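Subject: Structure handover

Hello,

Here is the structure for you to look through. My notes on what was found follow below it.

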Amino acid sequence: MKIVVEKRGNEWLAQVVHIGDGLHWTEHQRIQNEMSHWVKANCAGGYISGWQFYFYDEQDLTLFLLRWNN
């Protein structure tokens, strides 16, 4: 999985740009759901829009990247 990070004002955007080759769309959905649940359970603030994960705290962003970015 590859994630691109961009600073936008007072928040960080982590956007998933590549998941893996040859995955069925149901596997994409399962991964997206797992990522969303992980963020909600482990991060203090921010919001999710599809494959875009927004963080207000750089520490939350770092935890997210350590968990999900290859």
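**Sheet and hairpins**

Strand 3 and strand 4 (residues 52–55) are paired antiparallel, over 3 bridges. Strands here are DSSP runs of E with at least two residues, helices are runs of H or I with at least four, and both are numbered from the N terminus. Two strands count as paired if DSSP finds at least two bridges between them.

Before going on, two notes on the source. This is a predicted model, in which local features need pLDDT of at least 70 and side-chain atom pairs count only at pLDDT 80 or more, while totals for chains, interfaces and linings use all residues. Residues are numbered from 1 along each chain as its sequence is written, and side-chain values use heavy atoms, with hydrogens and water left out.

Back to strands 3 and 4. Tyr47 has Tyr54 of strand 4 as its bridge partner. Ile48 is bridged to Phe53, also in strand 4. The two strands form a hairpin with 2 residues between them. Gly50, in the turn, has a positive phi of about 65°.

Strand 1 and strand 2 are antiparallel too, over 7 bridges. Ile3 has Val16 of strand 2 as its bridge partner. This hairpin has 2 residues between its strands, and Gly9 takes a positive phi near 60°.

Strand 2 and strand 4 run antiparallel and are joined by 4 bridges. Trp12 has Phe55 of strand 4 as its bridge partner. Gln15 stands opposite Gln52 in strand 4.

Put together, this is an open sheet of 4 strands in the order 1-2-4-3, with antiparallel pairing. Strand 1 (2–8) and strand 3 (47–49) are at the edges; each has a single partner strand, so one side of each is left without a neighbour in the sheet. From one strand to the next, the twist averages 20°.

**Helices on the sheet**

Helix 1 (residues 25–42) packs on the sheet and touches strand 2 (11–18), strand 3 and strand 4. Its direction makes about 10° with that of strand 4. Angles run from 0 to 180 degrees between N-to-C directions; axes are lines fitted to C-alpha atoms, for helices over the stretch in contact. Contact means heavy atoms within 4.5 Å.

Helix 2 (residues 58–68) lies across strand 1, strand 2 and strand 4. It runs at about 170° to strand 1.

Which residues of helix 2 are buried? They are Asp60, Leu61, Phe64 and Trp68. Buried means under 20% relative accessible area, exposed over 50%, and partly exposed in between, with a 1.4 Å probe and protein chains only. Seen down the axis of helix 2, the buried residues fall within an arc of 100°, so they line one face of the helix. That arc is taken over the directions from the helix axis to the C-beta atoms. Their cover includes strand 1, strand 2, helix 1 and strand 4. Gln59 and Leu66, on the other side of helix 2, are exposed.

Asp57 caps the N-terminal end of helix 2. One of its side-chain oxygens lies 2.9 Å from the backbone nitrogen of Gln59.

**Core**

The largest nonpolar core has 16 residues. Met1, Met35, Phe55 and Phe64 touch the most other members. A nonpolar core is a set of buried Ala, Val, Leu, Ile, Met, Phe, Trp, Tyr and Cys residues joined through side-chain atoms within 4.5 Å. Strand 2, helix 1, strand 4 and helix 2 each give two or more residues to this core. Helix 1 gives the most, with 4 residues.

Take Phe55. Leaving aside neighbours within four places in sequence, its contacts include Trp12, Val39, Leu61 and Phe64. Glu11 and Asp60 are also among them.

**Two residues to look at**

Gln32 is in helix 1. It is buried, with a relative accessible area of 13%. Not counting residues up to four places away in sequence, Gln32 touches Gly50 and Trp51. A polar atom of the Gln32 side chain lies 2.9 Å from the backbone oxygen of Gly50.

Ser49 is in strand 3. At 40% relative accessibility, Ser49 counts as partly exposed. Ser49 and Val17 are 32 residues apart in sequence; C-alpha to C-alpha, they are 14 Å apart in space.

Best wishes

Technical notes:
Polar contact = N/O pair within 3.5 Å; in protein donor to acceptor, adjacent residues only side chain to side chain.
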